[in-house]
Amino acid sequence: MDKVIITAAITGSRMMRDIAPYIPITPGEITQSAIECWEAGAAVVHIHVRDPETGLGSQDLDLFRQVVEPLREKTDLVICLTTSGIPGRNLPIDERLAPLTLKPELASFDAGSINLGSGVFSNPPEFLDEAARRMKEEGVKPEIEAFDLGMIMTALRMRDEGKLEDPLHFQFVLGTPSGAPATPKSFLHFYEHIPENATWSNIGIGWRQLHMAMMALIMGGHIRVGMEDNIYLRHGVMAKTNAELVERVVRICREYGREIATPDEARTILGLRKR
Ligand code: ZN
């Protein structure tokens with residue numbers, strides 16, 4: 001079994017301080033949190049940035065730069081930038097894809113539309129085609145986020161059309177209110193539909209974060225944790241830092257007997273270009 005790649009999803013674009021009092025908001029806080037996760041064993045960081053004034057998610061290139069540049073200087077982390085913008089607000093395509101110009105090694109690729117909160121997280125074919133094209137152009141590997149089975153089928157079709165390239169890398173997003181549930185059965189259904197040479201990682205939303213991490217651990221997949229997906233360490237106890245969530249899953253993996261991938265080992269496993 002491959003070593004396990006831990007991805008830390010630092011902040012997302014939606015959760016505010018009234019619900020998540022410890023969530024990083026400013027570029028400085030996001031950078032610091034990502035460094036702590038790297039020290040704790042994360043190989044990949046999944047980065048959104050927030051408008052420091054409003055606290056809301058933003059696709060502002062300068063804010064991304066304020067996070068990416070210090071991370072490249074101080075760590076060897078694999079950087080995965082979001083292209084989701086603000087789900088429900090559905091920004092113009094160019095704005096969503098702006099972070100690709102920073103040439104991250106990975107970028108999120110949400111392979112279909114879905115209801116999220118009170119709105120629609122819109123990822124129509126026009127967006128997907130353009131995102132795939134630009135990622136290829138910039139040498140960025142798409143991290144295919146699948147919220148339901150149709151998104152996996154869409155990615156496979158785009159692969160057959162030559163828009164996405166093997167080996168594909170999937171991030172299963174299990175447990176969103178309108179998507180596939182975070183259950184072992186639901187996860188297995190996803191797992192059975194991806195190509196044998198694909199790599200994959202699991203997200204469990206909320207208290208199911210650890211459940212889906214355990215499925216990935218025993219099935220040879222990779223794990224994403226972090227406050228974008230879950231803010232609790234255990235029932236009634238909030239995580240005060242993202243690193244605490246990373247530390248917990250690293251402990252469990254080591255105890256189980258699966259080693260933790262370094263960023264460079266993650267690059268080899270995912271077939272990324274070297275730094
Ligand atoms: Zn995200």
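Begin by selecting R224, which is buried, with a relative accessible area of 2% (buried means under 20% relative accessible area, exposed over 50%, and partly exposed in between, with a 1.4 Å probe and protein chains only). Before going further, note that this is a predicted model, in which local features need pLDDT of at least 70 and side-chain atom pairs count only at pLDDT 80 or more, while totals for chains, interfaces and linings use all residues. Residues are numbered from 1 along each chain as its sequence is written, and side-chain values use heavy atoms, with hydrogens and water left out.

E228 counts as partly exposed, at 22% relative accessibility. Side chains of opposite charge can pair when their charged atoms come close. By the salt-bridge rule, the count for this model comes to 19.

Next, select D94 and R134, whose side chains form a salt bridge with an N to O distance of 2.4 Å. This pair links distant parts of the chain, since D94 sits in helix α3 (residues 93–97) and R134 in helix α4 (residues 125–138), 40 residues apart (helices, H or I of at least four residues, and strands, E of at least two, are DSSP runs numbered from the N terminus). D94 is exposed, with a relative accessible area of 52%, whereas R134 counts as buried at 18%.

Now move to K103 and E138, whose side chains meet in a salt bridge of 2.5 Å, N to O. Here too distant parts of the chain are linked, with K103 in the loop between α3 and β6 (106–110) and E138 in helix α4, 35 residues apart. K103 is partly exposed, with a relative accessible area of 39%, while E138 is buried at 18%.

Stay with E138 for the last stop, and show the polar contact of 2.5 Å that joins its side chain to that of K103 (a polar contact is a pair of N or O atoms within 3.5 Å; within protein, one must be able to donate a hydrogen and the other to accept it, and residues adjacent in sequence count only if both atoms are side-chain atoms). What is E138 in contact with, leaving aside its neighbours within four places in sequence? Select L100, T101, K103 and R273 to display these contacts of E138 (contact means heavy atoms within 4.5 Å).

Technical notes:
A salt bridge is a side-chain nitrogen of Lys or Arg within 4 Å of a carboxyl oxygen of Asp or Glu.
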